[in-house]
Amino acid sequence: MRNTINFAGFNDLPVIGQGTWYMGENPAQRAGEVAALQAGLECGLQLIDTAEMYAEGGAEEVVGQALLGRRDKALLVSKVYPWNAGEVDAIEACERSLRRLQTDYLDLYLLHWRGNVPLEETLRAMERLQQQGKIRHWGVSNFDTEDMAELWDEPEGNACATNQVLYHLASRGIEFDLLPACQQREMPVMAYCPLAQAGRLRDSLFTDPVLTQIAQQKGISVAQLLLAWVIRQPGVIAIPKASSVVHVQENAAALEVVLTDEELQLIDRAWPAPQHKLPLDIV
């Protein structure tokens, strides 16, 4: 399998994982969601990303069901609300997530976005959770360049394992400064919504004539092209939503897609990289 990375204690981890945003909201869809996640594991997509925010814990319950008897196959990631990121609250929030996930540890625990709790307090909570064996690594999400600089200035800031941010072809802002800063420190970046969230931007990408032509010439879907484009960057892991067994299998196949220099130049001309600093996109 192409495109792997050493990350959070996992060697040769495929750089496409499985997202769970919007899972757990409809009980009638649970069986299909569980099956999709399990199919992803069978395809080698070991990283499963969730959060206490998603369906207010419902997505974690779906993941927990999917991982029954399979926990050792997954790199399990969850995220804590910023208002639960205090020294005591984070411990309790993590314990609630573990119960919903039916496991006794997380491979990676992320601060979902910055709030009013001081970073040093959140870092103390993360260190304590590590000492208790409840998490193996910790990281952040939705941190812009200045946020990361502030984090790295903290005594334990260099222990941050990742920054999970929005990144897709129609949202390339992180390429100007945030991504290079993380790459310089050899800290992987997790790209959420790598196919763009439903709406105008997604429609524009999936109907773009340049992308459509390249995908047709390569015998792949536009979605696979977009995933291959995201993970072309060193140290970037894409976490598209695992919406169905078929989609998960298509996502896994994108790991084998190789984009030529000519194709990348065509894509850059159609969807150029920013030439100046942009605010971090967040959804």
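Before looking at the sheet I noted that two strands pair if DSSP finds at least two bridges between them. I also kept in mind that this is a predicted model.

**Entry on the sheet.** I looked up how the strands are arranged, and I found an open sheet of 8 strands, in the order β3-β4-β5-β6-β7-β8-β9-β10, with parallel pairing. I then asked which strands stand at the edges. They are β3 (18-19) and β10 (236-239), and each has a single partner strand, so one side of each is left without a neighbour in the sheet.

**Entry on one strand pair.** I picked β8 (residues 163-166) and β9 (residues 189-192), which pair in the parallel sense over 4 bridges.

**Entry on two helices.** I turned to helix α3 (residues 89-101) and helix α4 (residues 119-131), whose axes come within 9 Å and cross at roughly 50°. That angle makes α3 oblique to α4, and the crossing of the two is right-handed. Which residues meet there? From α3 I listed Ala90, Ile91 and Cys94, and they meet Ala125, Arg128 and Leu129 of α4.

**Entry on the record.** I checked UniProt, where an unreviewed entry lists residues 16-271 as "domain: NADP-dependent oxidoreductase". Over residues 16-271 I noted that the chain is 43% helix and 14% strand, while the end C-alpha atoms are 22 Å apart.

Methods
Residues numbered from 1 in each chain as written. Predicted model: local features only at pLDDT ≥ 70, side-chain atom pairs only at ≥ 80, totals over all residues. Heavy atoms only, no water. Axes fitted to C-alpha atoms, helices over the stretch in contact; angles between N-to-C directions. Parallel < 35°, antiparallel > 145°, perpendicular 65-115°, else oblique. Left-handed = near helix turned anticlockwise from the far one by under 90°. Contact = heavy atoms within 4.5 Å. UniProt positions renumbered as here; feature names shortened; annotations may be inferred.
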